[in-house]
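The structure is shown first, and the description follows.

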2 protein chains.
Amino acid sequence: MQTPVSAQTFYAGEFQHAIDEKNRITIPARWRRDEAEEFILLPDSQNQFLLVMSPEEFARMSASVEQSASVTARDGRIFLRQLHSRAQHGIADKQGRLVLPEELCRKIGLKGEVALVGGRGRFEIWNVARWKRAHEEETATYQHVANVIGL
Amino acid sequence: MQTPVSAQTFYAGEFQHAIDEKNRITIPARWRRDEAEEFILLPDSQNQFLLVMSPEEFARMSASVEQSASVTARDGRIFLRQLHSRAQHGIADKQGRLVLPEELCRKIGLKGEVALVGGRGRFEIWNVARWKRAHEEETATYQHVANVIGL
DNA sequence: TCCACTTTGCCCCATTTTTAACCACCACCG
DNA sequence: CGGTGGTGGTTAAAAATGGGGCAAAGTGGA
């Protein structure tokens with residue numbers, strides 16, 4: 001692997017893009033690494049949003065579950081089984097667009113406008129309306145912590 | 001990392017500049033390090049002003065949250081999530097101007113004239129009117145503390 | 001089992017919109 | 001007056017978007 005954990009990709013910012021009738025989403029140019037990049041698509045446990053990450057990041061995530069002290073070996077196995085069956089491959093086309101399977105879009109409610117939310121090692125794709133709602137809830141926590149650490 | 005904490009950049013002073021219709025702000029010449037410098041743009045938790053810092057400084061900030069004893073693990077996670085999604089990359093052009101995303105300007109109310117306020121490792125960009133108000137409030141506290149420590 | 005026929009995915013091209021590089025001026029300060 | 005720093009506009013490049021067409025894969029019937 002070329003990227004050590006400490007140099008994890010950082011997807012900065014938040015974007016709002018269209019998703020067209022063919023379920024294609026343009027990945028922000030600043031987030032692109034190489035042409036025809038490969039991603040793992042993973043709906044979150046509540047089907048609220050779609051997690052997108054590199055195969056390497058996915059491997060890291062799997063590994064961290066296995067090593068977690070707070071999860072029993074049995075639960076870990078079951079979790080990983082589901083994790084792998086829920087995950088899908090996604091490949092960006094030469095225009096830098098990610099094509100999403102029809103069913104995923106329906107399940108998560110991705111249509112028209114979607115929000116792309118950056119993060120460390122991964123990013124999320126949301127239905128815009130739902131994202132705004134979820135975002136506001138988190139803002140309270142954000143402000144609280146910001147005050148504590150003086151930001 | 002090349003810059004040790006002790007050699008943190010210090011942006012001295014306070015400037016008042018125009019922001020043009022393309023949302024470009026000239027960074028004071030004295031604050032410039034290299035050509036086409038890269039910054040992280042982070043709105044403060046109340047959207048009162050825009051924090052600008054180097055990627056290194058941002059990494060330091062993230063790390064300090066993770067290590068803070070006064071924040072629970074869960075709150076820390078939520079905070080970091082938001083921190084990373086709120087932050088944006090900004091690159092200065094060859095004239096030494098920072099281009100701000102349209103939405104950030106709207107959210108924080110940056111238009112026409114803005115105030116650039118220096119600090120340790122970072123600086124802030126304010127709406128002029130709001131800055132003056134906040135500044136006056138702070139001046140009282142400053143004088144009080146100055147008297148206490150004999151400055 | 002083989003041959004239509006439909007469906008889906010992928011690739012490429014064209015258009016519009018946005019972003020970044022470049023150039024030129026003005027104004028202030030030494 | 002001369003250089004540096006700040007500002008405004010123009011041009012060129014890149015990104016976002018939309019649609020068309022070919023090819024491979026899947027389906028059903030003879």
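## Polar contacts to the bases

In this predicted model, a polar side-chain atom of Arg97(B) is placed 3.5 Å from a base nitrogen of DNA strand C.

The residues around DNA strand C come from both protein chains: Lys22(A), Arg24(A), Arg30(A), Lys94(A), Gln95(A) and Arg97(A) from chain A, together with Lys22(B), Arg24(B), Lys94(B), Gln95(B) and Arg97(B) from chain B. Of the atoms of DNA strand C that come within 4 Å of the protein, 19% belong to sugar and phosphate.

By residue class, the surface near DNA strand C is made up of nine charged and two polar residues, with no nonpolar residue.

## Aromatic pairs in chain A

Over all chains, a search of the whole structure finds 16 aromatic pairs. Phe15(A) belongs to strand E1 (residues 10-19) of chain A, whereas Trp31(A) lies in the loop between strand E2 (24-26) and strand E3 (38-43) of chain A, so the pair ties together parts that are 16 residues apart in sequence.

The two partners can also be described by their accessibility: Phe15(A) is partly exposed, with a relative accessible area of 22%, while Trp31(A), at 3% relative accessibility, counts as buried. Both residues belong to a cluster in which ring pairs link Tyr11(A), Phe15(A), Trp31(A), Phe39(A) and Phe123(A).

## A stacked pair in chain B

In chain B, Phe49(B) and Trp126(B) form a stacked aromatic pair, with 4.6 Å between the ring centres and 20° between the planes. This pair links distant parts of the chain, since Phe49(B) is in strand E4 (residues 49-53) of chain B and Trp126(B) is in strand E8 (residues 122-127) of chain B, 77 residues apart. Phe49(B) and Trp126(B) are buried.

## A charge over a ring between chains

Finally, there is a contact that involves a charged group and an aromatic ring: the charged end of Arg86(B) sits over the ring of Tyr142(A), at 3.9 Å from the centre of that ring.

Definitions and conventions:
Residues are numbered from 1 along each chain as its sequence is written. Chains are lettered from A and ligands numbered from 1 in the order in which they are written. This is a predicted model: local features need pLDDT of at least 70, side-chain atom pairs count only at pLDDT 80 or more; totals for chains, interfaces and linings use all residues. Side-chain values use heavy atoms; hydrogens and water are left out. Rings of Phe, Tyr and Trp (its six-membered ring) pair if their centres lie within 6.5 Å; planes under 30 degrees apart count as stacked, over 60 as edge-to-face and the rest as tilted. Helices (H or I, at least four residues) and strands (E, at least two) are DSSP runs, numbered from the N terminus. Buried means under 20% relative accessible area, exposed over 50%, partly exposed in between (1.4 Å probe, protein chains only). A charge sits over a ring if NZ of Lys or CZ of Arg is within 6 Å of the ring centre and within 35 degrees of the ring normal. A residue is near a molecule or strand if one of its heavy atoms lies within 4 Å of it. A polar contact is a pair of N or O atoms within 3.5 Å; within protein, one must be able to donate a hydrogen and the other to accept it, and residues adjacent in sequence count only if both atoms are side-chain atoms. Ala, Val, Leu, Ile, Met, Phe, Trp, Tyr, Cys and Pro count as nonpolar, Asp, Glu, Lys and Arg as charged, and the others, Gly among them, as polar.
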